[in-house]
Each structure stands twice: as C-alpha cells, then as structure tokens.
Amino acid sequence: MLGAGIVGTSIAVHLAKRGLSVALVDRRPPGEGTSYGNAGIIEGNTIFPAAFPSSFAELARIALKRSPVANYHLTHLPRIAPWLLAFRAASRPERLIETARLMRPLFARAVAEHEALAAEAGAERHLSRRGWLKLYRTDAAFAALKPELDVAAQFGIANLPLDRAGALALEPALAPDFRHAVHWTGAVSVNNPLALTRAYAARLTALGGATLNGDARTLHRAGPYWRIDTAAGPLDAADAVVALGPWTPDVLNALDIRLPLAVKRGYHRHFRPQGNAALGRPVLDAENGYVLAPMEQGIRLTTGVEFAARDAPPTPVQFDRLLPAARALFPLGEPIEPEAWMGARPCFADSRPVIARAPGQRGLWLAVGHAHWGLTLGPVTGRLIAEMMTGATPFCDPRPYGAERFMR
Ligand SMILES: Cc1cc2nc3c(=O)[nH]c(=O)nc-3n(C[C@H](O)[C@H](O)[C@H](O)COP(=O)(O)OP(=O)(O)OC[C@H]3O[C@@H](n4cnc5c(N)ncnc54)[C@H](O)[C@@H]3O)c2cc1C
C-alpha cells in the first residue's frame, strides 16, 4: 500500500481486515500529507462538486486576483489550460447532476464507513455529529442553491434551510453578516484529521499490518512481484496499491500510466478564538469560499483553491482577501502558527476519483483523485477497492471510477 494518507491508510485497514498481509509504505509518518490539513468535514451530503464559475463577474474577480475563492499563478495557466477546459465542460448543469448521481453511492456510505472504522480504532472522540453550516450573504447566492436542494430532496439528504436567527441560535458566536443558511445535519466533523489517520494506522498495526518508511518512486517489477525499497529492506508483493494523493504521477508516469490529474492547492491557519467564543461545527462562508472549523489546535481557517504547480513556493495571498470578512464573522484572535499550512487537493476535471485496477499493469491498483473529499471518502474507498482486490462483490458499480475513462 503506497501512501499513508487517509485514503491509503483506510485501504490498508480494509485489506488487513480481509486477512491480507499488508505493508503501508510512506516516506513520512501516516497522515502528514494532504490529509493533515483539511477542514475536517465528512460530508456524506455532498451533491454538486465544486464547479467552474458560471458568472462572468466572478470569473473577472478571479482573473483580477480579487476573489478570495480562487487564486492562480499566471505561469501555470498554459500547462493547466486543457484541464480547466475539461473542468468547465464538466461544470455544465446537466453534467453536475450526472456527477452527483455517479458519486452518490460513495457519499451515501461515507459517514457510516468512517463511524465503523473510528469505532474499531477507538477514535470516536474525534468525530462530532453536529452537521455543518453553510452561510449565504446574498439572496442571489441562496437562490442559486435551488437546483442542488432539489437534488438533495430526490436523494433524501437531510438539510435545514435557516434564516439568520435560526443560524445564530446554532452558532451564537457568529456575527449577523449573512442572510441565509443551510444546516446539513447528517455531516460529521473531525476535530483533528491527523489524529484520525494515525488512529486508523494504529488499527492496521493491531490487525498485524506493517507501517514502513520508503520511497514509492522505487516501485518496479521483480519477476511476478512488485518490489519497493523500504528502510527495512526490499519488499515484494503480488499486488500494489498506489494512493499517493497529489504525488501519484511521480510513480505512474514512470510506468507510462498518464492520468490527467491536476492539483487545487489550499491553505489553512489556526487562530485562537477571542474570549469564550466557540464554534459547534464547521461553518462555510459560501461567497468567500473559506471554512472556519473547530479543531483541537484552534479555529482552523481553510481557503478556497489555488491553481499553481504542486511544488511551487506557497503564495497564501487568499488570507489577505478573506480575513477581513472572516474576522467580522467570527472573533478570531491571534494566529497560532507563524506560517500557513499548504496542501494540494488531487483532482480530476470530472470530479470523480479513480478507484480501480491500473490499466495495462497486472497487480497494480489505483486510489487517487479524491479532490475536495478525500477525508470523506477514504474509508468507503478502502471498502470498495478491498472488495475488488479480494474478488468479493463490490457494494456499488465501480465503473464510474475506472481509469479507462481517460484512455479513450
Ligand atoms: C484546504 C483543504 C481543505 C480540505 N477540506 C476537506 C474536507 O473538509 N473534507 C474532505 O473530505 N476533504 C477535504 N480536503 C481534501 C482532502 O484533504 C484530500 O482529498 C485528502 O487528504 C487526500 O488524501 P490522500 O490520502 O489521497 O492524499 P495524502 O494525504 O496527500 O496522502 C498521500 C501520501 O503519499 C505520501 N507520498 C508522496 N510521495 C511519496 C513517495 N515518493 N514515497 C512515499 N510516500 C509518498 C505522502 O507523504 C502522503 O502521506 C481538503 C483539502 C484541502 C487542501
């Protein structure tokens, strides 16, 4: 199992539970990649994926680098242009509905799979079942939500549209800077994503699996096996699973498997709340694209997306654009760390992950591209791929998550 993020660690546990001999290999300790820094929302209620802006005004604000929702590096745009065009095509209303339907089996099981793993791993104290709250500052933004709420009703996804007073009754520390809110009551939030991944890794150890230090780029064929060099020596396995998040191309390109994976970088900072101010659940300021999430480390403020090369130096300029609104909405005190944390969401333009056999490589499996929902979908991905690898009947049709869709 290559990659000990939330996706790889969850897969490793599912494989070990089915009696396979599993080694989880990473160059860092479990959970310290992208899975460290997310907003902690297990959003089984996700319906439409994040979409390309449909309004010219929003696009112009992004282009002029005034939007808190998105930033970009100009030098990166030529390289990512084909991906952005595909993303724009996948953001048409009928495609969003199709994506919602294709992703539903995964999201519908996401919360239950986490709850089961957390119970086994003794990590339930990290989960909170208070849902999450999305705030809308304008009537127009709230009205634009209608198609999504219609699909939610079809899928039977619980939500509670609230007026300002209703939302403030849930979260009294917020300022009344918004007009509408939706409380997605079925979402679960995590107060320390790193601790959760570590707990799942400890569960793997308890099941007899090994956690090893090694560089996945050493993966190569050795007769009938896949071989990788680890700190404990070379390791051979009949099957290898690649779940390296945004680093997946580092290994797949060398095997001539070219997947159109891009990254949407994102940042977070922790702040002390002022006085006794507290949040009971994560809160999204929809028009500004940031989330305020209560964590063990403090209030975690996560940004929207940044289109830039994965390894380019951090440019956390979105904080300057969103902090005035965030500070007015919630009494944020001093930042806890001197620097912002940066991660890179691994994304395909159609907003579906690849959870599948690798094309043309016997015994190689892929679990990559979980975009904005890797925390949410880690354990359900673990179940699906473990069922496929052990020849069990998969709980849902895995074809929408195949790699072949990029090979046509
Ligand atoms: C700001 C932000 C907010 C987010 N909020 C949410 C949220 O609220 N809910 C949600 O569901 N998702 C959220 N996400 C998305 C989520 O965090 C990711 O989709 C998820 O963490 C991806 O997990 P992963 O296991 O695929 O990748 P990673 O966690 O990145 O794991 C990949 C692992 O591969 C290892 N690795 C890389 N290269 C090598 C190598 N050569 N050799 C060995 N090991 C290697 C890394 O060290 C790492 O541990 C957010 C993301 C960001 C950036």
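Predicted model: local features only at pLDDT ≥ 70, side-chain atom pairs only at ≥ 80, totals over all residues.
1. The shell. The ligand is surrounded by 32 residues, of which D26, T34, S35, I41 and T376 are the closest. By residue type, this shell divides into 14 nonpolar, twelve polar and six charged residues.

2. In the side chain of S35, an N or O atom lies 2.5 Å from an oxygen atom of the ligand, while for the side chain of D26 the corresponding distance to a ligand oxygen is 2.6 Å. The side chain of N38 also has an N or O atom 3.2 Å from an oxygen atom of the ligand. On its own the ligand has 1000 Å² of accessible area, and the protein covers 98% of that area.

3. How the two helices pack. Two packed helices are described by the distance between their axes and by the angle between those axes. For α1 and α11, the axes come within 7 Å and cross at roughly 40°, and the crossing in which α1 passes α11 is right-handed. On the α1 side the contact is made by I6, V7, S10, I11, H14 and L15, and on the α11 side the contributing residues include G374, L375, G378, P379 and R383. The residues of this contact of α1 with α11 divide into nine nonpolar, six polar and one charged.

Technical notes
Residues numbered from 1 in each chain as written. Heavy atoms only, no water. Near = heavy atom within 4 Å. Polar contact = N/O pair within 3.5 Å; in protein donor to acceptor, adjacent residues only side chain to side chain. Areas by Shrake-Rupley, 256 points an atom, 1.4 Å probe, with all protein chains shown as cover. Nonpolar A, V, L, I, M, F, W, Y, C, P; charged D, E, K, R; others polar. Axes fitted to C-alpha atoms, helices over the stretch in contact; angles between N-to-C directions. Helix = DSSP H or I, 4+ residues; strand = E, 2+ residues; numbered from the N terminus. Left-handed = near helix turned anticlockwise from the far one by under 90°. Contact = heavy atoms within 4.5 Å.
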